[in-house]
Amino acid sequence: MTTNASAVTAKPEALGRVTFLDGQGEMPMLEISTAWSTAGIYLHGAHVTQFKKKDEPPLLFMSQCSRFTDGIPIRGGVPVVFPWFGAREGSSQHGFARVKVWDLKEFVPAPDGSVSVRFRLPDCPEVSGYPPFTADYIVTVNQSLTLQLIITSQSKDAEFTFEDCLHTYFEVGDATAISVRGLKGISYLDKVAGYVEKTETDDLLRIASEVDRTYLNTTGTVEILDPRLGRKILVEKQGSASTVVWNPWIAKSRQMSDFGDEEYQRMVCVESGNVASNSISLPPGGSSTLTVKLSSETLK
Ligand code: TA6
């Protein structure tokens, strides 16, 4: 497995747009610069911490209290949740992928000025309980940010069942002023109400208390309408049957040591993946790709 830059496949024209540096906690990271945008990605968790279009506020929310420490997830950006979502007895929440140092495999320039970077989850003790598989993560930066998590079974005889989720934190002007559109009529598990199953009745979901909802069997685009920043964020996805919406609100924010007490006011998570009853079962040798495209435009 490879983590050093010299062994990476690269074409010369891409080198000007990818910079290797020590990020916070002296953790290795990449800064990507394109004609339209900049992005930051830590090898720790293959974690995208920044995507910013020129002349726009950051798209991704990052907590000022995030830790940058081995074995601990980064708070904000896009945690890669795999191979399970949520709590699991005897293991840490949301899987181990987000706390592993991923191997950087290649970066690929495209003639249109995009830069794509591919990471692979390294061998680690935790994978021993599963049929053999590879997990690749491709991040493409241009006018938008496209994320692809590709899970491929290497097993000849065993089925591989897992959950995945790109647990994206978005920066908003005021969480109580935004609307989340695209989930009306969809059934969801309401974690705040003890995982009771409900159906979304609102065309425009508003946040006025803790929200922690797992919407199931939904493949559609979700929009975040943000009047304070004058921005509409689009979350388009493929290979994803679940959308999770989360805002911790006041009490939970205070409980989280790596999250500011007031920071719930500036973020919302709209997460795309395959969780709970939408978990994926791959046949031997099968492959699944979760693709999420994040973009923004002026709110009209
Ligand atoms: O996706 C929503 C959620 O599962 C919430 O229940 C929640 O507490 C959160 O993710 C953050 O989890 P974390 O393990 O990163 O603290």
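Phe162 is buried in this predicted model, at 2% relative accessibility. Buried means a relative accessible area under 20%, exposed means over 50%, and partly exposed lies in between (1.4 Å probe, protein chains only). The model is predicted, and local features need pLDDT of at least 70, side-chain atom pairs count only at pLDDT 80 or more, and totals for chains, interfaces and linings use all residues. Residues are numbered from 1 along each chain as its sequence is written, and side-chain values use heavy atoms, with hydrogens and water left out.

Phe82 is likewise buried, at 0% relative accessibility. The ring centres of Phe82 and Phe162 lie 5.4 Å apart, and the planes stand at 70°, so this pair is edge-to-face. Rings of Phe, Tyr and Trp (its six-membered ring) pair if their centres lie within 6.5 Å; planes under 30 degrees apart count as stacked, over 60 as edge-to-face, and the rest as tilted. Phe82 sits in the loop between strand S5 (80-81) and S6, whereas Phe162 belongs to strand S10 (residues 160-162), so the pair ties together parts 80 residues apart in sequence. Helices (H or I, at least four residues) and strands (E, at least two) are DSSP runs, numbered from the N terminus. Phe82 and Phe162 are also members of one aromatic cluster, together with Trp84, Phe96, Tyr130, Phe133 and Phe160.

The aromatic pairs number 17 by this rule. Another of them joins Phe20 and Phe107: the centres are 5.9 Å apart and the planes at 50°, so the pair is tilted. Phe20 lies in strand S1 (residues 18-22) and Phe107 in strand S6 (residues 103-109), which places the partners 87 residues apart. Phe20 is partly exposed, with a relative accessible area of 38%. Phe107 is buried, at 3%.

S1 also takes part in a sheet. This open sheet has 4 strands in the order S1-S2-S3-S4, with antiparallel pairing. S1 and strand S4 (47-53) are the edge strands, each with a single partner strand, so one side of each has no neighbour in the sheet. Neighbouring strands are turned by 20° against each other on average, direction ignored. The axes are lines fitted to C-alpha atoms, for helices over the stretch in contact, and angles run from 0 to 180 degrees between N-to-C directions. S1 and strand S2 (residues 28-33) run antiparallel and are joined by 5 bridges. Two strands pair if DSSP finds at least two bridges between them. Val18 has Ile32 in S2 as its bridge partner.

A polar site was examined at Asn278. This residue lies in the loop between strand S21 (267-274) and strand S22 (280-282). Asn278 is buried, with a relative accessible area of 10%. Its side chain makes a polar contact with the side chain of Asn217, at 2.8 Å. A polar contact is a pair of N or O atoms within 3.5 Å; within protein, one must be able to donate a hydrogen and the other to accept it, and residues adjacent in sequence count only if both atoms are side-chain atoms. Leaving aside residues up to four places away in sequence, Asn278 touches Leu216, Asn217, Ala241 and Ser242. Contact means heavy atoms within 4.5 Å.

Overall, the protein contains 2 helices and 23 strands. Of its 300 residues, 57% count as buried. Among contacts between residues at least 6 apart in sequence, 65% join residues at least 24 apart. The C-alpha trace spans about 50 × 50 × 35 Å along its principal axes.
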